[in-house]
Amino acid sequence: MTERPYILLSAATSVDGYLDDTTNQRLIISNKADLDRVDEVRASVDAILVGANTIRRDNPRLLVRSIARRTGRITRGLPENPIKITLTSRGDLDPTASFFTTGPAEKIVYATTPTVNKTREHLTGVASVVDAGNPLDLHTLLADLATRGVRRLMVEGGGTIHTQFLTAGLANEIHLVIAPFFIGDPAAPRFAGTSTFPHHPGHRMTLAEARQLDDVVFLRYLLG
């Protein structure tokens, strides 16, 4: 067992790097072929992590859709779906969100120390709540996941979460899909925010794969 899981970040963006627009309705950036690829990746990991804002905004289910892939996981001695993980500094997650109520999957919420008791009371019976320090520390979170047998972790955003993993140098891979349109709104959420990143013009990532999936392009980068 390593001290932390192998981490891959997964995102789909517009050509100009946005994850979504600013309307109240979720924008579907990807396509059917890529959604099937994402499902295949989900079936290969031990856990999937999203931020609390992604749960509030997108209400994701985070389940393996394919019956064959779920069956394959069971055959390999794994749970039908990966563990669902989120983190919160406010402790105000909705216990009726799809993250908590859909699918047979373990749910874990990592909360800041001051909000742990509040979060546990709020999510009684729907998720395990773990103290992740104050401020919330990704290394603490990852060390705890390692003790739970999580070897591969898929991080599906949003942009704040991606930025935190990238700037901390914790990501091993990026799975980035580029869709053939622009959003052009600086108020919309981006794949990564303003920060100082370990990978820059003098320290490039390695392009391990580039693949066309109908009208989108899938890029897999190794951060090494």
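Reader: Which residue of E6 stands opposite Leu 9?
Author: Leu 9 stands opposite Val 155 in E6. This is a predicted model.

Reader: And how do E1 and E6 pair?
Author: Strand E1, residues 6-13, and strand E6, residues 152-155, pair in the parallel sense, over 4 bridges.

Reader: What's the strand order in the sheet?
Author: The order is E5-E4-E3-E2-E6-E1-E7-E9-E8. That makes 9 strands in an open sheet, and the pairing is mixed.

Reader: Which strands stand at the edges?
Author: Strand E5 (128-131) and strand E8 (206-213). Each has a single partner strand, so one side of each is left without a neighbour in the sheet.

Reader: What does the twist average?
Author: From one strand to the next, the twist averages 20 degrees.

Reader: Which way do the residues of E4 point?
Author: Lys 107, Val 109 and Ala 111 point one way from E4, while Ile 108 and Tyr 110 point the other way. All of these are buried, the lysine included.

Reader: How many bridges join E4 to E3, and how many to E5?
Author: There are 5 bridges between E3 and E4, which run parallel. E4 and E5 also run parallel, joined by 4 bridges.

Reader: Which residues are the partners there, say for Lys 84 and Ile 108?
Author: Lys 84 has Lys 107 in E4 as its bridge partner. Ile 108 stands opposite Ser 128 in E5.

Reader: Ok, helices. What does H6 lie across?
Author: Helix H6 (residues 138-147) lies across E1, E2 (47-49), E3 (83-88), E4 (107-111), E5 and E6. It runs at about 150 degrees to E4.

Reader: Which residues of H6 are buried?
Author: Leu 138, Leu 141, Leu 142, Asp 144, Leu 145 and Ala 146.

Reader: What follows H6?
Author: Gly 149, with a positive phi near 85 degrees.

Reader: Now the core. How many residues are in the largest one?
Author: The largest nonpolar core has 31 residues. Those with the most contacts inside it are Leu 49, Ile 85, Tyr 110, Leu 145, Leu 153 and Phe 165. Helix H6 supplies the largest share, 4 residues.

Reader: What does Ile 85 touch?
Author: Setting aside residues up to four places away in sequence, Ile 85 touches Ala 47, Ile 48, Leu 49, Val 50, Phe 99, Ile 108, Tyr 110, Leu 145 and Leu 153.

Reader: What other core lies apart from it?
Author: Another core, of 19 residues, lies apart from the largest one; Leu 8, Val 41, Ile 55 and Leu 123 are among its members.

Reader: How many aromatic pairs?
Author: A search of the whole structure finds 1. The ring centres of Phe 99 and Phe 100 are 4.9 Å apart and the planes are at 80 degrees, so the pair is edge-to-face.

Reader: Are Phe 99 and Phe 100 buried or exposed?
Author: Both are buried.

Reader: Which charges lie over rings, at Phe 99 or Tyr 18?
Author: Lys 84 lies over the face of Phe 99, at 5.8 Å from the ring centre. Arg 190 lies over the face of Tyr 18, at 4.5 Å from the ring centre.

Reader: Last one: where is Ala 33 found?
Author: In helix H1, residues 32-44. Ala 33 is partly exposed, with a relative accessible area of 25%.

Reader: What is Ala 33 in contact with?
Author: Beyond its neighbours within four places in sequence, Ala 33 is in contact with Leu 213 and Asp 214. The C-alpha atoms of Ala 33 and Val 216 are separated by 8.9 Å, although these residues are 183 residues apart along the chain.

How values were computed
Residues numbered from 1 in each chain as written. Predicted model: local features only at pLDDT ≥ 70, side-chain atom pairs only at ≥ 80, totals over all residues. Heavy atoms only, no water. Pairing = 2+ DSSP bridges. Helix = DSSP H or I, 4+ residues; strand = E, 2+ residues; numbered from the N terminus. Axes fitted to C-alpha atoms, helices over the stretch in contact; angles between N-to-C directions. Contact = heavy atoms within 4.5 Å. Core = buried A, V, L, I, M, F, W, Y, C linked by side-chain atoms within 4.5 Å. Buried < 20%, exposed > 50% of the residue type's maximum accessible area, 1.4 Å probe, protein only. Phe/Tyr/Trp six-rings, centres within 6.5 Å; stacked < 30°, edge-to-face > 60°. Lys NZ or Arg CZ within 6 Å of the ring centre and 35° of its normal.
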